Amino acid sequence: MPIRNTLLAATLALSGSLAFAAYPDKTVNYIIPFGPGGESDISARLQEPVFKKLTGQSLAIQYKPGAGGAAAWAQLNGMTADGYTVMGTNLPHIVLQPLQKDVGFKTDEITTLFWFHYTPDALIVPADSPVKTLKDFVEAAKKAPGATTLSGSGTNSANHLAQQQFDKMAGIKTTYVPFGGTGPSNAALLGKQVSGSWGYTTVKMQLGDQVRCLGVAMEKRHPAIPDCPTFKEQGFELVGGAYRGVAVPKSTPADVQAKLAEILGKINADPDFIKKMEEGGFAMLNVGPAQMGAFMAKVKAQYEALAKEMGITKK
Amino acid sequence: MGSLEYLLSALTPLNLLLALAGVVAGTVIGALPGLTATMAVAVLVPFTFAMEPASALIALGAIYTGAIYGGAYAAILLNTPGTPSSIATTFDGYPMARAGSGDLALTLACLSSVIGGLVGAGFLLVLAPPMATVALKFGPVEYFWLAVFGLTLIASLGEGSTVKGLIGGCLGLLLAMVGVAEVGGDVRFVGDSKALLGGIDIVSALIGLYCIPVLIELVATPVAHLDATNRVASFRLREATSILRRGKFNLARSSVLGTLVGILPGAGGSIASLVAYSEAKRASPRRDNFGKGEPDGILATESANNATVGGGFIPTLVLGIPGTPPDAIILGALLVQGIRTGPTLFTQQAPIVYTFIWGLILATVIMLPVGLLIGRFAFRSIVAIPKAVLVPGVALLTVLGSFAVHNNLHEVQQMVLLGLMAWVLGRFGFSASPIVLGLILGSIAERGFVQGHLIGGAKGSVWGEFFGRPISLGIIVFILLGLLWPWWAARRARGTGGANA
C-alpha cells in the first residue's frame with residue numbers, strides 16, 4: 001500500500017509540474033459571478049487581451065450570475081482544479097454574504113490569488129446641488145437628520161457600507177435608498193430623486209460634468225479625477241470600495257496557482273492596461289499571494305465589525 | 001438636418017454587411033425560447049472589439065433589434081415568448097396561428113416591428129437629448145405606479161375568468177418575492193434551498209410556464225399542432241397592409257409608447273408591449289376580440305417592443321445610463337472601446353453617434369425582407385415538422401434555453417417544475433400570463449414601493465410622495481381608466497340596450 005501511495009503522489013507531483021511547465025497551454029475559462037455589462041465584466045474584458053499577449057492563450061469569459069455572486073462562489077471548489085477554470089471574486093461580497101446567511105460557501109474556502117483593483121467609494125451629488133463640499137453635506141445632514149437621501153447600488157453593497165461608515169465618522173444620519181445596480185442608482189441621482197449618491201469613482205467617470213464628487217475613499221486622489229478630494233484630506237479615515245480579484249478551486253496545484261498569480265501581476269503592470277483602467281475610474285491594486293493573508297485578515301475584521309453594527313449578521 | 005451626411009458613412013459595404021449579419025443572427029437567437037436579446041448581445045460583444053466603434057455599434061444594434069423581433073416567432077407559433085419582450089404577442093399571435101393565420105400573424109409582426117423600430121430610431125436621431133430628460137423624471141414612485149398599471153392588465157386580459165386571473169396574478173407576485181430581497185436584503189420563501197436564494201429567474205419561468213404546457217398538450221392530443229388548412233403559406237402582404245392601414249393610429253400610439261417606456265431605465269420591452277397592448281385594447285372598437293386572435297394586438301405589441309430599441313439608446317448615449325438590459329452590455333462594450341457616453345457624446349463624437357443611428361435605421365429596414373423570409377421559413381417548418389420531431393426538438397431547446405440563463409441546472413429544474421405547475425393549473429382554467437405578469441411586475445412594484453417609501457419617509461410625507469407627483473397622478477388616472485372602462489362600457493351598452501327595448 002505505501003508503495004502505491006508513493007507512486008500516486010509521484011504521479012500527481014509529475015502531472016502538477018508538467019502542468020506548471022506548460023501552463024497555460026490552452027484556453028482558460030474565466031467565470032464572472034455576475035451578469036454581462038457590469039464592472040466585473042468590463043475589467044475581465046480589459047484583462048483578456050493582455051493575458052493573450054503574455055501567454056498566447058485566450059481567456060474565455062463566462063457568466064454565472066445569481067444571488068449576488070453566491071451562486072457561482074458556492075460551486076467554485078467543485079470545479080475542475082487544473083488552473084483552466086478561474087473565477088472572479090469580489091469584496092465585500094465574499095466576506096459579507098457568509099456572515100449574513102448560509103450561502104453555500106465560507107470566506108476562507110475561496111482561494112483568491114490576486115486582488116487586482118478596486119472601485120473606491122465616492123460621495124456624489126448632482127452638479128447643480130446646493131451642497132458644494134463635504135462640509136456643506138455634513139452640515140445639511142446635521143440640520144435635518146435622516147432627510148438627506150442617498151441612492152446606492154444595493155443593500156449591503158460596498159457603497160452601503162461606506163454610507164454606514166461615513167455616517168458614524170461624521171456623526172450624522174442619512175437615508176440610504178438601495179437601487180438594483182449602479183445604472184438605476186445613477187438615474188435617481190441625475191433625476192434628483194435623491195439628494196445624492198454613494199457610488200464609486202467609476203460613476204463619476206461615467207457621468208462626468210453632470211455630477212460633483214465630494215470625496216473619494218482613497219489614500220491619494222484618483223489620477224483621472226484630480227479635482228475630487230479624498231475623505232482623508234478632509235479629516236475622515238475612509239478608504240475602501242469594491243475590490244475585484246481572481247480565485248481558483250482550492251485544490252488547484254500550488255505551482256499553477258503561483259504561475260497564474262504571476263501572470264495576473266504582469267497584466268496589472270501593463271502600462272496600456274493601467275491607462276485604460278484609470279480612465280474608467282478604477283484604482284489599481286496589487287495584492288498577490290505574499291500579501292494575501294494579511295490583507296484578508298484586515299478586511300475581514302473590518303467588515304465583520306461593520307456587519308455586526310449594521311445588525312446584518314446571522315444569528 | 002446636419003446629421004444626414006453621416007448616412008453615407010453608415011452606408012459602407014462593411015456596415016451594411018454587419019447590419020445584415022446582425023439582424024439575421026439576432027432574429028434566430030431571439031426566436032429560440034430562452035435565448036434573449038440580452039444574451040444575443042452579450043455573446044456577440046467580443047467579436048466587435050476589433051471593429052471601428054461605429055461599426056461595432058451598428059452590429060450590436062442590429063443584433064439587438066433582430067432579437068427583439070425574433071421573439072415573436074416562438075410567441076406566435078409555439079405560444080412561448082422567445083424573449084420577455086414578446087409575452088404580450090402570445091395573447092393574440094397564438095390564437096391567430098391556431099386559427100390558420102400564423103403566416104399573416106408573422107407578416108404583421110414583421111411589418112409592425114419595422115415600423116416601431118423606425119419610430120424609436122427616429123426619436124433617437126432627432127430628439128435624443130431633450131427626450132433623455134424623460135428618463136430622469138421617473139422616480140421610484142412612478143415605477144411603482146407603472147407596474148401597478150401593468151398589473152391591471154390582468155383584469156382585462158379577457159382569457160377565462162377574471163377571478164382566476166387575479167389568483168394567478170397573486171401567485172406570480174408571490175413567486176416574485178422568492179429569494180433575497182433586492183431592497184433590504186431579507187431572505188424570503190427560500191426554505192433551506194440555496195438554489196432559491198437568487199429568486200425565480202424570469203426567463204426560465206417564461207419558458208416553463210408557457211412552453212411546457214404546450215408540449216404536454218401536443219403529446220396528449222392527436223391533432224396537428226397548427227392548422228395548415230391545405231393552403232400554401234404565403235406572406236399575405238396585401239391583407240397585412242390593409243390591416244396596418246386600418247391600425248395606423250394604433251401603430252403610431254404603440255410606437256411612441258414603446259419609445260417612451262424604452263427611455264425609462266427601470267422598464268423594458270416587456271412592459272412597453274404590455275402597456276401598448278392594454279391601450280390598444282381600450283381604444284379599439286373590436287375590444288372583445290382581443291386575446292382571441294385580434295391582429296391589432298400584434299400590431300401594438302410588436303411595434304412597441306421594437307420601438308424600445310431606439311428609445312433605450314437615448315438615455316444610454318445621452319446620460320450614460322442604460323435604458324434596457326442589452327443597453328447595459330452595449331455601454332460596457334463602448335467603455336472597452338474607449339468611448340465615453342454622456343451629454344458631450346453627441347457633439348464631440350458626432351460622427352460615431354450619427355453613423356450608428358443611421359446604421360440602426362438601415363438594420364431596421366433590412367429586417368423587413370429578412371424577417372419576412374425567415375418568418376415564412378419558420379412557419380413552414382413548424383407546420384411541416386411531424387410532432388414526433390417537433391416536441392423533442394422544442395423540449396431540448398427549453399432545457400438549453402433555461403440552462404443558458406445562468407449556466408446552471410437550478411434554472412432548468414425551476415423551469416420544469418413551474419411548467420408542470422402551469423399545466424395542472426391550466427386544466428383548472430388558470431392561464432400562464434397573469435402569473436408571468438405578477439412575476440415580472442411584482443419585483444418592479446416592490447422595489448419602487450420600498451424606495452418611494454424610504455424617500456417619502458425622509459421627506460416627511462409618504463402620502464405626498466405617492467400621490468402628489470404629477471407623473472404619478474397621470475399614471476393613476478390611466479390605471480383608473482383601465483379598470484373602470486370595461487365596466488363603464490358594459491354599463492353603457494346595457495343602458496342603450498335597455499332604452500331600445
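Visitor: In strand 2 of chain A, which residue is the bridge partner of A:Ile31?

Guide: Happy to start there, and please keep in mind that this is a predicted model. Strand 1 (residues 28-32) and strand 2 (residues 59-63) of chain A pair in the parallel sense, over 5 bridges. In strand 2 of chain A, A:Ile31 has as its bridge partner A:Gln62.

Visitor: Which helix of chain A joins strand 1 and strand 2 in a β-α-β unit?

Guide: The two strands are parallel partners. Together with one helix they make a β-α-β unit that is right-handed. That helix of chain A, spanning residues 39-55, is helix 2.

Visitor: What is the bridge partner of A:Tyr30 in strand 3 of chain A?

Guide: Strand 1 of chain A also pairs with strand 3 (residues 85-91), in the parallel sense over 3 bridges. In strand 3, the residue bridged to A:Tyr30 is A:Val86.

Visitor: How many residues of strand 1 of chain A are buried?

Guide: Strand 1 of chain A pairs with strand 2 and also with strand 3. Strand 1 is mostly covered, and of its 5 residues the buried ones number 4.

Visitor: How far apart are the C-alpha centres of domain 1 and domain 2 of chain A?

Guide: The domain assignment gives domain 1 as 16-118 + 243-310 and domain 2 as 119-234. In chain A, 12 residues of domain 1 are in contact with 16 residues of domain 2. The C-alpha centres of these two domains are separated by 27 Å.

Key
Residues are numbered from 1 along each chain as its sequence is written. Chains are lettered from A and ligands numbered from 1 in the order in which they are written. This is a predicted model: local features need pLDDT of at least 70, side-chain atom pairs count only at pLDDT 80 or more; totals for chains, interfaces and linings use all residues. A residue is buried if 20 or more other C-beta atoms lie within 10 Å of its own, exposed if 12 or fewer, and partly exposed in between; C-beta atoms are placed from the backbone. Two strands pair if DSSP finds at least two bridges between them. A crossover is right-handed if, with the strands pointing away from the viewer, the path from the first strand over the helix to the second runs clockwise. Domain bounds come from an automatic or database domain assignment. Two residues are in contact if their C-beta atoms, placed from the backbone, lie within 7 Å.
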